[in-house]
Amino acid sequence: MAQPAPASQSERKKQITLRGLGTLENVTGLKLGFNRHLHFTLVKDRNVATMKDYYLALAHIVRDHLVGRWIRTQQYYYEKNPKLGLDIEELEEIEDDAGLGNGGLGRLAACFLDSMATLGLAAYGYGIRYEYGIFNQKIKDGWQVEEADDWLRHGNPWEKARPEYVLPVCFYGHIMHTKDGVKWIDAEVVLAIPYDTPVPGYLNNTVNTMRLWSAKAPNDFHLHHFNVGDYIQAVLDRNVAENISRVLYPNDNFFEGKELRLKQEYFVVAASLQDIIRRFKASKFACKDNIRICFDSFSDKVAIQLNDTHPALAIPELMRILVDIEKLGWDQAWSITTSTFAYTNHTILPEALERWPVALFQKLLPRHLEIIYEINRWHLDNIRTLYPGDEQRFRRMSLIEENEEKKINMAHLCIVGSHAVNGVAKIHSKIIKEQVFKDFSDIEPVKFQNKTNGITPRRWLLLCNPGLASVIAEKIGKDYIKELSQLQKLHAFVNDDQFIRDVLSVKQENKAKLASLLQKEYGIRINIASMFDVHVKRIHEYKRQLMNCLYVIVMYNRIKNEPKKTFVARTVIIGGKAAPGYYMAKLIIKLITSVAQVVNNDPIIGNNLKIIFLENYRVSLAEKVIPATDLSQQISTAGTEASGTGNMKFMLNGALTIGTMDGANVEMAEEAGENNLFIFGMRVQDVAELDKKGYNAAQYYEKIPELKQVIEQIAGGYFSPKQPELFRDILKMLFHNDRFKVFADFESYIKTQEKVNQLYQNPIEWTKIVIKNIASSGKFSSDRTITEYARDIWGVEPKTLKIPPPNEPKDI
């Protein structure tokens, strides 16, 4: 082979330089191997090559070697985001659930705030900044154990303290009637410090305010203790004052008449009303007449919605401010008050309705007691004019209940002191109008309205179920996010094969994610082909988790009796918190966890049936559970659930409902068609007739063999072999004191579950019904609910205008 001619000195320098570039290996970690080959290539054309050619040849070779690693690196970055070492889902997990609300009512308030901002309403949400929210639930040996929810331990980056708006709130003391008016003297003062949280609307640049109050003792609080050397007592007294915002009472659907709770209710009312009046006085609407503020336009510019009876004290408090401080006459003050307030009732359970002892009022809020008595006198004089001599009616309608212990009926106070009263579902509003508050609706039928609850689709679809939200948007566009009624367009795609597959695929992905989480948290391997049967809500007898548990045992017995038979596999997921003092609810949790212990460890059962009790059910967990659910259990006794909002969330996220005709289930059935839900059990009128006839649980026990077997297993200690009589009190309640009639609906429940199993075996037909439900869920947007409140009660109109962002000039 002929050797190449010797290179000139300049050419040798080029070769040496190019070979030297091999040191890129040290920089890139690549072994390029270009030295010899590049030398020969360049030498071959050395007579025509330029330095630019040398550069381009080298660059292309290096790039070609890098491309594979380049692609792999970018894939890694997208998957792992190693630059920051952060994952958005991991960050979401770090954020604590805000410990502000109690059960569904607290979550409903959050949905309403979202909608008010999205609809451009000038609205404020007021509450207490609890240091400790509703307790964290731990399950230890199958029992609920409560632990403090220290949700503020790391601070709250979303809030901003506003100490410049601190306000005084008074308690105790006594009243003096002088020629200059009524004076509240010797009262103990607690300071209310506001913390503001932004509430953004959806794509409209509107950011409303949620203002939460924190209690703080003034610096001179009980200073006289210091003067006598009792430093310890002074500090202890200070702590008592600040306990007002220390902890949220965890009772939902149960009234507990504690002094601290009454303090909390007045604290938030007194601070919020002062804040509202300050803002009104500072506005251009509050005209001044001889330096005094004119309140004639107050109710035209201010609307206050009382969310259940907890803020009922706002009525006597506004009267106190207007009469005692602003020096208005009683009649004018009362006209302003009733025009300003409206009342939403959220429960008909008698144990949940607030009735405060008069003696406690006399001690804690003496002036408010006087005002309530005066309101009651005026109210009863009006009743006597309409119904002379009807003493029973007077007694029923009085704000003061004259029993062994005099009590103030706070619901009656709300009705009398408001211009509008509403329930939160059609059937609920009908019950409060025709039964619970019939005496009042007979007098003022127009005052009573319905405002069916709703949920925000931004959180309960777009955020928690982006896969389904995207699939829907591909078919009907994105406008449904603000106008949920547009989901009706999906009816056109019920038989669309591709859409059916897409909806099925999203559900399976969500189930796989939840199954992975459950295996990680509970060590139970879940069959994602099984039906995810979910019952999550507060643990209460009326919500009938007990009936669900009895049916789980029926399924268990069937599989045990016929181990070779093919059954529809189920993963039963139950979750919720029991009020700490609610013994029966806690015992029900123990029964569920005891049944789960047996079922999940029985080799004959295998993957046919698994039961999981979710520990510490909360919003962030709901966002994972709801999108993965196949079957939603909404099985309260007809006439007991005011509305429910969990039922709406499940419907929107593609779960089918098994439920009674109770609460918003009735309207869900109206929207989707009753044949597209699994409806069972007694209706409201059936329950009423059974009450008249007398409910005999033993008759159903003897009539239904599978129910009898289940009860005998529980009674015999099958699920509690070390403590055979552990669940004796549950059985005693079921037979002798079951207000919610589990046995009466049980046979219908079993038969309806068979229909569920039959449909689930056909995934295509099941998904068609799912699509029909999603398409019918548009009514249940909180945007629709708030629009109705705004137009029918508050006298304002939602706005579609978009506020200019900060970098653009405002329209003048």
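Student: Quick one to start: does Cys414 count as buried or exposed?
Tutor: Cys414 counts as buried, since its relative accessibility is 0%. Here buried means under 20% relative accessible area and exposed means over 50%, with partly exposed in between, using a 1.4 Å probe and protein chains only.

Student: Before I go on, what am I looking at?
Tutor: This is a predicted model, in which local features need pLDDT of at least 70 and side-chain atom pairs count only at pLDDT 80 or more, while totals for chains, interfaces and linings use all residues. Residues are numbered from 1 along each chain as its sequence is written, and side-chain values use heavy atoms, with hydrogens and water left out.

Student: On to strands. What does strand 8 pair with?
Tutor: Several partners, including strand 9 (residues 207-216), which pairs with strand 8 in the antiparallel sense over ten bridges. Strands are DSSP runs of E with at least two residues, helices are runs of H or I with at least four, and both are numbered from the N terminus. Two strands pair if DSSP finds at least two bridges between them.

Student: Which residue in strand 9 stands opposite Ile193?
Tutor: Ser214. Leu191 also has a bridge partner in strand 9, namely Lys216.

Student: How many bridges join strand 5 to strand 8?
Tutor: Five, with strand 5 (residues 167-171) running antiparallel to strand 8. Leu167 has Ala192 as its bridge partner there. Strand 4 (residues 160-161) is also antiparallel to strand 8 (residues 188-200), through two bridges, and Ala161 is partnered with Tyr195.

Student: Is strand 9 mostly covered or mostly exposed?
Tutor: Mostly covered: seven of its ten residues are buried. Strand 9 also takes strand 1 (residues 124-128) as a parallel partner, with five bridges, and Tyr126 stands opposite Arg211.

Student: What happens in the hairpin of strand 8 and strand 9?
Tutor: There are six residues between the strands, and Leu203 takes a positive phi near 55 degrees. Leu203 is exposed, with a relative accessible area of 60%.

Student: Why point out a positive phi?
Tutor: Because most residues other than glycine have a negative phi.

Student: What is the phi of Tyr172?
Tutor: Tyr172 is not a glycine, yet its phi is positive, at about 60 degrees. Tyr172 sits in the loop between strand 5 and strand 6 (174-178) and counts as buried at 17% relative accessibility.

Student: Change of topic: where does Glu242 lie?
Tutor: Glu242 lies in helix 8 (residues 231-242), and at 14% relative accessibility it counts as buried. A polar atom of the Glu242 side chain lies 3.1 Å from the backbone nitrogen of Ala217.

Student: What order does the open sheet of six strands have?
Tutor: The order is 21-20-19-22-23-24, with parallel pairing. Strand 21 (609-614) and strand 24 (678-679) are at the edges with a single partner strand each, so one side of each has no neighbour in the sheet. Six bridges link strand 20 (residues 570-575) with strand 21, and Ile574 has Phe613 as its bridge partner.

Student: Last topic: how many cavities of 30 Å³ or more does a search of the whole structure find?
Tutor: Four. On a 1 Å grid over the protein atoms alone, a cavity is a set of points where a 1.4 Å probe fits but cannot get out, and lining residues have an atom within 4 Å of a point. Grid points are joined across faces, edges and corners, and the volume is the space filled by probe spheres set on the points.

Student: What volume does the largest cavity have, then?
Tutor: About 70 Å³. Its lining has 13 residues, and those nearest the centre are Lys537, Gln634, Ile635, Ser636 and Glu641.

Note on methods. On a 1 Å grid over the protein atoms alone, a cavity is a set of points where a 1.4 Å probe fits but cannot get out, and a pocket is an open set with protein on both sides within 12 Å along at least five of seven lines; lining residues have an atom within 4 Å of a point. A polar contact is a pair of N or O atoms within 3.5 Å; within protein, one must be able to donate a hydrogen and the other to accept it, and residues adjacent in sequence count only if both atoms are side-chain atoms.
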